[in-house]
Amino acid sequence: MIKLKPRVSPGCLIRVKYAIRSELKIKPGENVTFTFTCSTPEKYFVMEIQKNIDCVSGLCPFGDVHLYPTGLPRLDRTFVWDVKASTKAGLELKFSAPWLRQIEPGETCPDSVRYNINSCIDTATVNIGTFCRNGSVSRIKLLGGVILSLHLSWDSPLTSSGFSIANRASIKRLCIIESVLNGESSVTLMSPNYPLAFPEDELMTWQFVVPSNLRATVFFHNYSLSNCERKEERVEYYIPGSLSNPEVFKLSDSQPANIAGSFNLSLQGCDQDAQNPGVLRLLFQVVVQHPQVNENVTHVVDLSKERNVTVTIHFEGWPSRLPLTSEPMCLICKDPRTCDRVLTLESGTTYKISFLCKDLSRLRITAEKGISCVDLRWCQRKIYSLVVPKAVTQLPIRLHKFIWKILAPDLINVEITSPSLKLQQHVPEQRCNTSYSYGIVSATPETELNVGVFCPGGSIEKIQMRNNITVSLKTFGKGFLNESDHQDLKMSFVPHIKDECIFTVSPDPKAKVYLQTPNWPYGLPPYVSISWYVVVPSKQVARLGFSRDRMGISCETGRAYVNIKEEAPGAEETVRREDELLPQPRDMYHDFWVNVSNCKPVEGTQLTLQFWVTFADKSIDLGVILAVVAGTGVLVAIVLTVCCVKKKKARVPQWECTT
C-alpha cells in the first residue's frame with residue numbers, strides 16, 4: 001500500500017493509467033503500473049509492504065527473510081511480517097551481525113533502520129520492544145506468533161531484512177531475549193510494553209552470553225511495581241556454578257555484581273488487583289568489564305566507635321550528574337557479589353570493602369556527622385573536634401566533602417575555634433590556596449546565613465554563631481592527605497549571644513587582614529547584626545579602613561549602622577548610618593569592636609561591607625620625649641638649688657654644693 005504521509009498537504013498524487021488518486025493498494029498477484037505527478041514523491045508518500053505467514057495450518061518458510069518485492073519506488077517504507085504460530089511451538093528470530101540494540105519509545109536510530117517486534121498470543125498483542133542496529137541482541141524467542149516491522153527511510157541502501165525465522169519448541173514464557181557481550185561493554189534493556197505495564201502474571205527471560213574471563217554487573221535504573229493480590233513480583237538469576245540457583249531478588253534490592261561469565265535473568269509478574277492493577281515495568285543495564293587488579297584488595301573501614309556518621313563512596317559528580325553509559329564503570333563492593341556505583345556506610349559498624357575500578361581517581365567520598373545538644377549544662381563542658389576520622393582518610397579515595405551538622409536548641413549557641421592554625425576568610429583580595437577549606441552556614445527554618453568560606457592559616461581565632469550550624473570541609477586536589485594530620489578545628493556549645501555572629505580576630509602583626517560581611521555577595525539578611533572583636537598587641541597600633549566610602553544601600557524600614565569602639569576607659573564610639581560616609585582609615589591603640597547592623601533594604605540594594613586591618617610598631621612622640629627631658633632638667637635644678645641654699649645658710653661665704 002502507498003499512501004500520503006500524515007499531516008502532509010497533497011502536493012503530489014498517484015497516476016494509474018488515466019486515474020489520479022492519493023492512495024494505492026496492490027493485492028497479492030496483481031501487476032500495477034503507476035507514476036507520480038511530482039518529481040519528489042518521497043516527500044509526500046510512504047509505503048507499507050505486508051506479508052502474512054501461516055505457521056499453524058501450513059509449513060513455515062524458515063530461514064532468511066528477504067525484502068520482497070524488489071524494484072520498489074524510493075519512498076519511506078515499512079516491511080511487516082505477520083507470522084501466525086501455535087503457542088505449543090515457539091518461534092525464534094535470529095539476527096545477523098551487527099545485531100540489535102533496544103531503544104526507549106520515542107528514541108530514533110542513527111541510520112533510520114528500525115525494528116519493532118510484537119508477540120501475539122491468541123488475541124493479545126505485547127510490544128516486545130523497538131530496536132536499532134549495532135547492538136548485542138542476537139536472538140529473540142517468542143511464544144506464539146509475531147508481528148515484526150522493519151522501517152526504512154527512502155534513501156536506505158539496505159537490501160536484506162537482517163534476520164531469519166526458525167521453529168522451536170514451546171518456551172513456556174512470554175519471550176527469551178539473548179544478548180551477546182563479547183568484550184568490555186554495556187547493554188540497556190527494557191521489559192515488554194515499557195514504559196507501560198508488563199503483562200499480568202507473565203514470565204520472561206534475558207540470556208546474557210559473557211566470556212568466562214569477564215565480569216558482569218546488573219543495575220536497575222527505573223522500575224515500578226504493580227499491586228499484587230497473589231504471588232510477588234521478583235527477578236530470578238540463574239548463574240552457572242552458584243550453589244543457590246535460582247537466586248531470587250526483589251526489584252528494590254541491590255542486584256548481583258561481579259558475575260563471572262554467562263547468566264540468565266528472569267522477570268516474574270503477579271496476579272494483580274483488578275480495581276487498581278498498577279504498573280510493573282523495568283529498565284536496567286548490564287555492564288561487562290575485565291576483572292580489576294584491585295578487586296581482591298580489601299580495605300577495612302572501622303566506624304564502630306563513631307556516632308551519627310555516614311560515609312558515602314560515589315562516582316565524581318554524584319548526585320547531580322549520572323555517568324554516561326559509555327564511561328568506564330567504577331564499583332564499590334561490600335562483598336564480592338554486592339557492588340554498586342554508590343555505597344553508603346553507617347557508624348557503629350566495621351566494613352570490609354573492595355573496588356572494581358580501573359581508575360580510583362574517578363571516585364569520591366562524601367561524609368556527614370551529626371552533633372546535637374539538648375542540655376547546656378552537659379554540653380558546655382565538652383569540646384568537639386571537627387576532624388575527619390582516620391577511617392576515611394586512610395582509604396585510597398579522595399575526600400570530596402565532610403559535613404558536620406550541628407543542632408543547637410534555643411538559647412544555646414555554637415562556637416568554632418582554630419586554636420593553633422586560626423582561620424583565614426576567603427575574599428577576593430585574600431584567596432585561600434590551601435588543599436581544603438571550610439564552608440560555614442548558620443540556619444533556622446526561616447532563614448539561612450552563609451557565614452563564609454574559610455581556610456587554615458589566618459587570623460580568626462573563633463566564630464560564635466546563633467542557630468543550627470553546618471560546617472562543610474571541602475578538599476582541592478590530593479594535598480589534603482598530607483595536611484589532614486594538622487586539622488585543629490574545635491566546636492563547643494556556649495550561652496546565648498546577642499549578635500547573629502561574632503568573630504574574634506587576632507591578626508599577624510606583619511599581615512594585612514581583609515574581613516567581609518557574611519552572605520557575600522548577596523548581602524546581609526534584614527535586621528541581622530554582625531560583630532568583629534579585633535585584638536591589638538600591646539606594642540602595636542592597628543590601622544582600620546573600609547574598602548569603600550559608603551554602605552551602598554537604602555533602607556525601606558529601620559536604619560543600617562556601622563559602630564566602631566575601642567576597649568579603653570572613656571573611649572568614644574564612632575557611629576555611621578547608611579546615608580553617611582564611612583569613617584576614613586584610623587589608628588586603633590587598643591582592642592576594638594566593629595559592628596554592622598542591617599535594616600530592611602529597599603529592593604535591589606544589599607548590604608555588603610569589607611574592611612581591612614594592618615599593624616605597625618608603636619612610635620614614641622618626639623615632643624613627649626623632649627617634655628620628659630625638660631621636666632627632668634627642672635627637677636635636677638630645683639634639687640641643686642635647694643641643696644645650695646641649705647649649704648649657704650650653714651656656712652658663709654661657702655658655696656659648695658653636695659648632691
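A pocket here is an open set of points, on a 1 Å grid over the protein atoms alone, where a 1.4 Å probe fits, with protein on both sides within 12 Å along at least five of seven lines. Its lining residues are those with an atom within 4 Å of a point. Grid points are joined across faces, edges and corners, and a volume is the space filled by probe spheres set on the points. The model is a predicted one, in which local features need pLDDT of at least 70 and side-chain atom pairs count only at pLDDT 80 or more, while totals for chains, interfaces and linings use all residues. Residues are numbered from 1 along each chain as its sequence is written, and side-chain values use heavy atoms, with hydrogens and water left out.

Two or more lining residues come from each of strand E18 (215–226), strand E25 (278–289) and strand E29 (338–340); strands are DSSP runs of E, at least two residues long, numbered from the N terminus. E18 gives the most to this lining, with five residues. By type, the lining of the second largest pocket splits into 12 nonpolar, seven polar and three charged residues. In this scheme Ala, Val, Leu, Ile, Met, Phe, Trp, Tyr, Cys and Pro count as nonpolar, Asp, Glu, Lys and Arg as charged, and the others, Gly among them, as polar.

The largest pocket holds about 840 Å³ of space. Of its 30 lining residues, Ile49, Gln50, Lys51, Tyr68 and Pro69 are the closest to the centre. Strand E5 (45–54), strand E6 (63–66) and strand E7 (76–84) each give two or more residues to the lining, and E5 provides the largest share, seven residues. The lining of the largest pocket comprises 20 nonpolar, five polar and five charged residues.

Now for the cysteines. Taking a disulfide as a pair of cysteine sulfur atoms within 2.5 Å, the count comes to nine. One of them joins cysteine 12 to cysteine 38, with the sulfurs 2.0 Å apart. The torsion about that S-S bond is about -90°, so the disulfide is left-handed. Cysteine 12 sits in the loop between strand E1 (2–4) and strand E2 (14–16), and cysteine 38 in the loop between strand E4 (35–36) and E5, so the pair ties together parts that are 26 residues apart in sequence. Cysteine 12 has 0% relative accessibility and counts as buried (buried means under 20% relative accessible area, with a 1.4 Å probe and protein chains only).

Another disulfide links cysteine 109 to cysteine 132, S to S 1.9 Å, and is left-handed too, with -85° about the S-S bond. Cysteine 109 is in the loop between strand E9 (100–103) and strand E10 (114–121), and cysteine 132 is in strand E11 (residues 124–133), so parts 23 residues apart in sequence are tied together. Cysteine 109 is buried at 9%, and cysteine 132 is buried at 0%. The link between cysteine 373 and cysteine 379 (S to S 2.1 Å) is right-handed, with 110° about the S-S bond. Both cysteine 373 and cysteine 379 are buried.

Cysteine 120 is in no disulfide, and the nearest cysteine sulfur, that of cysteine 55, is 12 Å away. Cysteine 120 is buried, at 17% relative accessible area.

Terms used:
Helix = DSSP H or I, 4+ residues; strand = E, 2+ residues; numbered from the N terminus. Buried < 20%, exposed > 50% of the residue type's maximum accessible area, 1.4 Å probe, protein only.
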